[in-house]
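Subject: Structure for you to look at

Hello,

Here is the structure I promised to pass on. Please open it first, then read the notes below with it in view.

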Amino acid sequence: MSLHMCLALILSLSQALVLVLVPCSARDAPVRRYAVDLDSPPEEHFLPMYRDLAGLIPSFRQDAKEMIEKMVPGEVRPLVEVLAADLDHFLPQPFAGEMRGIANVTGIDLGDVVMINLVYDLFAFCTSIVAQDSQGTIWHGRNFDSAFFALRNATVLIDFQTKGQTLYTSTSYMGYVGVITGQRPNKFTISVDERDVGAWWMNALEALLNRQAVLMSFLVRQTLTEVDSYLAAVQKLAYTPLIAPVYFIVGGTNVAEGAVITRDRISAVDIWTLDPSQERWFLVETNYDHWEPPPLEDDRRTPAEKAMNTTGQAGINAASMFQVMSTPPVLNKAGNREQRCVEPSPKPLHPPGRTTVCTGGRQLRATVWRLRLLIQD
């Protein structure tokens, strides 16, 4: 398959962010960037984006149908329909309104929009790394293994704004209102990895229907909206009840601000943090508890740790972090990957971070996150 170079697009935000599109398949659509006006009614939050993506909606409807048929057990679907029939009772705003708006503009059944969000939430097979380099800079990298080939062309970058200013940014997908990869400028970053603990559908839906817990992607978005410090973000992510177990990986802007939060449905089972003074200058999380050996058939942790140690603390930068996240089997067979590289600069004119997005059949779709250490006078 022939490759071509996508155009480089430079965006000037409050923290001066540069978006660079790199070689991608001629079959794939460039990743687009949108602003969501949080001051507008929830039903209208994503309307400008979907109007711009109107040409992709027919194929997305078909992809969504196939995704649901493949991933959602038949006995679960009637329960989701019950939830969708009284969505405002079971889900908080703005999520209920946003789902309703997406259903209206795409023509997808509201129950199917709910199921799409459940599937995205509960099948995040990923590798995340948070690290501190020898200069005290915190780096946060993640990739995303998707079983759904169609997500290549459904990926978008979204700036959630209030009063015309970006509050937080996420890498997202059509049909999705949550956040599994997010950054609050100058404050913290969050990525989410699925925690495989067996059967979950019935328990997850029971928790939603009883209004006892939230989707993990809703919690991430609420944290990005409401919290303005790394420590407060860790606390909120650690102790808010969820519908299913998960790993939250958090990066901050000060020395040693990096953590992997291992969650069950009620609270944190473990909070594993950076400690450079004890030679723990990076943390690797795939989809398994860090204190247990990973399964031989899916050991991405060992190669990632080896690559990080080979690179060395002094060698960590955007290029080397991207290389670690791109190296098989850290780059898993699924091949649909994302990484994000963002530098929240304390000065608007500081040299920008780089966001790299690559789309292609087995290629990486990724961004690597960089958080620059904010030096307090």
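F160 is buried in this predicted model, with a relative accessible area of 1%. Since buried means under 20% relative accessible area, that value is well inside the cut-off. F46 counts as buried too, at 3% relative accessibility. The rings of F46 and F160 have planes at 85 degrees and centres 6.4 Å apart, so this pair is edge-to-face. F46 sits in the loop between β5 (32-37) and α1 (47-52), while F160 belongs to strand β8 (residues 155-162), so the pair ties together parts that are 114 residues apart in sequence.

F160 also forms an aromatic pair with Y168. This one is stacked, with 4.7 Å from centre to centre and 20 degrees between the planes. Y168 is buried, as is F160.

Now the chain as a whole. The protein chain has 377 residues, and 58% of them count as buried. Its secondary structure comes to 11 helices and 17 strands. Among contacts with a separation of 6 or more, 68% are between residues 24 or more positions apart.

Next, helix α10 (residues 301-311). Which of its residues are buried? They are R301, A304 and M308. Seen down the axis of α10, the buried residues fall within an arc of 70 degrees, so they line one face of the helix. The face turned away from that buried side carries the exposed residues K306, N309 and T310. After α10 comes G312, which has a positive phi near 85 degrees.

α10 packs with helix α11 (residues 318-326) at an angle of about 155 degrees, and the two axes are 9 Å apart. An angle over 145 degrees counts as roughly antiparallel, so α10 is roughly antiparallel to α11. On the α10 side the contact is made by A304, A307, M308 and T311, and on the α11 side by S320, M321 and V324. The crossing of these two helices is right-handed.

L219, V220, Q222, T223 and E226 of α8 make the contact with A233, K236 and L237 of α9. The crossing of α8 and α9 is right-handed.

Helix α3 (residues 77-85) has V80, L83 and A84 buried. Down the axis of α3, the buried residues fall within an arc of 95 degrees, so they line one face of the helix.

T286 lies in the loop between β15 (282-285) and α10. Is T286 buried or exposed? T286 is buried, with a relative accessible area of 1%. Setting aside neighbours within four places in sequence, T286 is in contact with C126, T127, D193, E194, Y247, R300 and R301. Of these, R301 is one of the buried residues of α10.

Last, some backbone details. Most residues other than glycine have a negative phi, and most peptide bonds are trans. Here are the places to check against that:

- The peptide bond from Q93 to P94 is cis, with omega near 10 degrees. P94 is in the loop between α4 (87-90) and α5 (95-106).
- The peptide bond from P328 to P329 is also cis, with omega near 0 degrees. P329 is in the loop between α11 and β16 (353-357).
- K163 is not a glycine, yet its phi is positive, about 55 degrees. K163 lies in the loop between β8 and β9 (165-173), and is exposed, with a relative accessible area of 73%.
- N186 also has a positive phi, near 70 degrees, in a residue other than glycine. N186 lies in the loop between β10 (181-184) and β11 (188-194), and is partly exposed at a relative accessible area of 27%.

Regards

Notes:
Residues are numbered from 1 along each chain as its sequence is written. This is a predicted model: local features need pLDDT of at least 70, side-chain atom pairs count only at pLDDT 80 or more; totals for chains, interfaces and linings use all residues. Side-chain values use heavy atoms; hydrogens and water are left out. Buried means under 20% relative accessible area, exposed over 50%, partly exposed in between (1.4 Å probe, protein chains only). Helices (H or I, at least four residues) and strands (E, at least two) are DSSP runs, numbered from the N terminus. The arc is that of the directions from the helix axis to the C-beta atoms. Rings of Phe, Tyr and Trp (its six-membered ring) pair if their centres lie within 6.5 Å; planes under 30 degrees apart count as stacked, over 60 as edge-to-face and the rest as tilted. Axes are lines fitted to C-alpha atoms, for helices over the stretch in contact, and angles run from 0 to 180 degrees between N-to-C directions. Angles under 35 degrees count as roughly parallel, over 145 as roughly antiparallel, 65 to 115 as roughly perpendicular and the rest as oblique. A crossing is left-handed if the near helix is turned anticlockwise from the far one by less than a right angle, and right-handed if clockwise. Contact means heavy atoms within 4.5 Å.
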